[in-house]
Amino acid sequence: MQMKLINRVKLALVEQNRTGKWLAETLKKNETTVSRWCTNESQPSLETLVEIAEVLDIDVKDLLVSTKK
């Protein structure tokens, strides 16, 4: 079964030459948790998505995979 992509956290980090470790330290989150977000094994809360968008200085919608084709 193929995992459905929901967030674009990893892509946003790559676009800004940042790492999951940097994001974990910045948000004071566990590195394993951030890694699971980056692989779409689990999803951050909406509040956390807003925090991620703020630290990356991007729109929160840029962290989500569009449901429209």
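Helices are DSSP runs of H or I with at least four residues, strands are DSSP runs of E with at least two, and both are numbered from the N terminus. Gln-43 is found in the loop between H3 and H4. The model is predicted, so local features need pLDDT of at least 70 and side-chain atom pairs count only at pLDDT 80 or more, while totals for chains, interfaces and linings use all residues. Residues are numbered from 1 along each chain as its sequence is written, and side-chain values use heavy atoms, with hydrogens and water left out.

Start with Gln-43. At 31% relative accessibility, Gln-43 counts as partly exposed. The cut-offs are these: buried means under 20% relative accessible area, exposed means over 50%, and partly exposed lies in between, with a 1.4 Å probe and protein chains only. Gln-43 touches Ile-6, Asn-7 and Trp-37, not counting residues up to four places away in sequence. Contact here means heavy atoms within 4.5 Å. Ile-6 sits 37 residues from Gln-43 along the chain, yet their C-alpha atoms are separated by 7.8 Å.

The side chain of Gln-43 also makes polar contacts. A polar contact is a pair of N or O atoms within 3.5 Å; within protein, one must be able to donate a hydrogen and the other to accept it, and residues adjacent in sequence count only if both atoms are side-chain atoms. Another, of 3.1 Å, joins the side chains of Gln-43 and Asn-40.

Now follow the contact to Asn-7. This residue is found in the segment before helix H1 (9-15). Asn-7 is buried, with a relative accessible area of 4%. Besides meeting Gln-43, the side chain of Asn-7 reaches the backbone oxygen of Trp-37 at 3.0 Å. Leaving aside neighbours within four places in sequence, the contacts of Asn-7 include Asn-40, Ser-42, Pro-44, Leu-63, Leu-64 and Val-65.

At the N-terminal end, Asn-30 caps H3: a side-chain oxygen lies 2.6 Å from the backbone nitrogen of Thr-32. The buried residues of H3 are Val-34, Trp-37 and Cys-38. They cover an arc of only 100 degrees around the axis, which puts them on the same side of H3. The arc is that of the directions from the helix axis to the C-beta atoms. These buried residues pack against H1, H2 and H4.

H4 shows a buried face too. Thr-48, Leu-49, Ile-52, Ala-53 and Leu-56 are buried in H4. Seen down the axis of H4, the buried residues fall within an arc of 145 degrees, so they line one face of the helix. H4 is followed by Asp-57, whose phi is positive, near 55 degrees.

Thr-48 counts as buried at 7% relative accessibility. Not counting residues up to four places away in sequence, Thr-48 touches Lys-29 and Trp-37. Leu-56 counts as buried at 3%. With the same exclusion, Leu-56 touches Ala-12, Leu-13, Gln-16, Arg-18, Trp-22 and Leu-63. The C-alpha atoms of Leu-56 and Gln-16 are separated by 7.8 Å, although the two residues are 40 residues apart along the chain.

Two packed helices are described by the angle between their axes and the distance between the axes. The axes of H2 (residues 20-27) and H4 (residues 46-56) come within 11 Å and cross at roughly 110 degrees. That makes H2 roughly perpendicular to H4. Axes are lines fitted to C-alpha atoms, for helices over the stretch in contact, and angles run from 0 to 180 degrees between N-to-C directions. Angles under 35 degrees count as roughly parallel, over 145 as roughly antiparallel, 65 to 115 as roughly perpendicular and the rest as oblique. H2 contributes Trp-22, Leu-23, Thr-26 and Leu-27 to the contact, and H4 contributes Glu-51, Ile-52, Val-55 and Leu-56. These residues divide into 6 nonpolar, 1 polar and 1 charged. Ala, Val, Leu, Ile, Met, Phe, Trp, Tyr, Cys and Pro count as nonpolar, Asp, Glu, Lys and Arg as charged, and the others, Gly among them, as polar.
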